[in-house]
Amino acid sequence: MKRGIYEDQRLARKHTLQRWSAEDSAELYGIRNWGAGYFDVSAEGDVVVYPFGRSHKLNVSVPDIIRGMKERGLDMPVLLRIENILESRISLLHKSFRNAIESLGYQGGYRGVFPIKVNQQQQVIEKIATYGSMYHHGLEVGSKAELIAAISQAQDKEACIVCNGYKDEEFIDLGLHAVRMGFKCFFVLEMPRELELILRRSQQMGVRPLIGTRVKLASKAGGHWSDSGGELSTFGLTTAQIMDVVDRLQKEDMLDCFRLLHYHLGSQVPNIRDIRSAVMEATRVYAGLVSEGAAMGYLDLGGGLAVDYDGSHTNFVSSRNYTQDEYCTDIVEAVMSILDETGVPHPHIITESGRATVAYYSMLLFNILDVSGAEAFPDNLPDTLDESEPEMIRNLFEAFRGLTLRNLQECYNDALYYRDEIRRNFLDGRVTLRQRTLGERIFWALMRRVAEEKDKLRHVPKELAEIDRVLADVYYGNFSVFQSLPDSWAIEQLFPVMPVHRLREFPDRPAILSDITCDSDGRIDRFIDPQGVRNTIDLHSLNGEEYYLGVFLVGAYQETLGDLHNLLGDTNVVSIRVEEDGSIEYRRELLGDSVADVLSSVEYDPRRIMEQLRDTAEQAVREGRITPSERYGILQAYENGLRGYTYFER
Ligand SMILES: *Cc1c(COP(=O)(O)O)cnc(C)c1O
């Protein structure tokens, strides 16, 4: 385990426990590094949201929002969306590009499109379509379903609709109908074959299509999704195939329909160098197409604009080594410099930023149900051991009593040896259950001493550093990783996690998080750290009140990838909007799945379930196990259970 600076701070401050402040918490959890100005800690020790960004003083506290949800009867876990943040993200993207375009004197415009796959929820797409229309912000689709969703929400005819994905005849017809209705709906060829289908259907329907191609670039990007870019990427046309498209369109006298060049490097590209080299290569291809006589006019750079999840501002996978302004400036500058060399007019630049548009706008809130840890082996040890205890247990006890900073490693080694001996002897029946338990208690007491002492060493051996993780408490959270944070499980993506209140108190418990599936994969044991990754997070001891944690920046990709592991369903979703006067409007409440909903999704029929339960209960009445009126009560309980939330309810 790495000892990040957070850890060192923690140690330094252990001695000044009473003086722990909200400021210290802000630093410990790095909220100002990853919060992008939307999140901070108040002097009262609560996480606060700045719905209009940090340039605006107005903020609202997350515990207040939670109180409001409670009053409305919405149980944890809740996915909280803050609509203002989505608006702010769209505005910022356009402002960044506009600044770059104006300051560099670029002649084309910027047209953003939102890739529906990043968050397909109707309320998200509707918001983007309506709010985005002031910037002509469009949508990117990858399937027929997404195309229909896009057309149903889109209103602005200046906005682009970009059709990626493999297209059949029906997909193409739907797109051509959209063109007839006045939408700027582009077909991007992912495979050469699609061209013939587009030509045939557009001729039959009498519509001039807007055609683009996805190019396989030689440039590749690092990061989680690096396989989607590069020459070996699954999708897109090689330059040779693109030349065939040019020739074919020329033969049909349709080069005026060739309007767009697209590429997609992959999502979450952490390094600006990769972004720059890809845009330069693509611009060369673009210029070549113009000189071949294609009408063009649009250069679509796909997604990839990363989110700084860990706030480290580095080229680490969960970060990015550039700002949004740098991203925009570098792109505009690169396109411009290459096209000016060859005298090609500047196209409209399209980007398909998904993650950077929606990640900030949702947070997952949940309560902690229980903690297990040190209590499992209490360390109230006797002062001396009875002579009758087995020798290995007495030796272990001696090691514990004799532990000093100087013999730390030796004691640690001895402890492991004796513990294994005790276990072996227990298996052979030479150590009793009670003796083994005594041994385990001494062992863990010794480990806790090692953990404390080791922090005084100048260099902590890796083996000893690992103890912190082993000794960490397990905090059981009322959520499911599989449902709400699928990328945390599937690709080990890091999200910022922190308590949303009590931040004036010192968080004295290094912990890992487990969800309520009690599945060994249903846990979070990797946390952000500016130096790398931490294996524990510092949390507060439970004090009898509800303890709430938030997982932040979860608006992108997490909602529909989630699955029904253990039949834990969709969480409640609450959308709020903060008005300029600071009042909070609870705009939408979507109740999460009920037990009946999730059972239906795996083909159980809730009505049939009740019939079967009625029969089972009737049988029990006949056997004299329960009375008819007890049967009534039991059936009521099952019916309520079917209607209830799938998560832990207090
Ligand atoms: C997934 C995807 C995107 C979105 O990428 P982000 O990194 O989330 O911005 C854009 N375009 C295409 C073609 C995609 O497949």
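## Nonpolar cores

The largest nonpolar core holds 152 residues, and Phe 39, Met 69 and Leu 513 touch the most other members. A nonpolar core here is a set of buried Ala, Val, Leu, Ile, Met, Phe, Trp, Tyr and Cys residues joined through side-chain atoms within 4.5 Å. Buried means under 20% relative accessible area, exposed over 50%, and partly exposed in between (1.4 Å probe, protein chains only). Helix α11 (residues 272-291) gives the most to this core, with nine residues. A second, separate core has 29 residues, including Ile 393, Leu 438, Val 460 and Ile 467.

Which residues does Met 69 touch, not counting those up to four places away in sequence? They are Leu 74, Met 76, Val 78, Leu 365, Val 574 and Tyr 586. Contact means heavy atoms within 4.5 Å.

## Model and conventions

This is a predicted model: local features need pLDDT of at least 70, side-chain atom pairs count only at pLDDT 80 or more, and totals for chains, interfaces and linings use all residues. Residues are numbered from 1 along each chain as its sequence is written, and side-chain values use heavy atoms, with hydrogens and water left out.

## The whole chain

The chain has 24 helices and 23 strands. These are DSSP runs, numbered from the N terminus: helices are H or I with at least four residues, strands are E with at least two. Along its principal axes, the C-alpha trace spans about 100 × 75 × 55 Å. Of the 650 residues, 57% count as buried. Take contacts between residues at least 6 apart in sequence: 75% of them join residues at least 24 apart.

Side chains number 73 positive and 99 negative, and the centres of the two sets lie 1 Å apart. Lys and Arg count as positive, Asp and Glu as negative; His and the chain ends are not counted. Each charge is placed at NZ of Lys, CZ of Arg, CG of Asp or CD of Glu.

## Lys 117

An unreviewed UniProt entry places "modified residue: N6-(pyridoxal phosphate)lysine" at Lys 117. Such annotations may be inferred rather than shown by experiment. Lys 117 sits in the loop between β5 (110-115) and α6 (122-132). Its relative accessibility is 43%, so Lys 117 counts as partly exposed. Leaving aside neighbours within four places in sequence, Lys 117 contacts Glu 146 and Tyr 557.

## Helix α2

Helix α2 (residues 22-29) is mostly covered, with six of its eight residues buried. Those six are Ala 22, Asp 24, Ser 25, Ala 26, Leu 28 and Tyr 29. Just after α2, Gly 30 takes a positive phi of about 70°.
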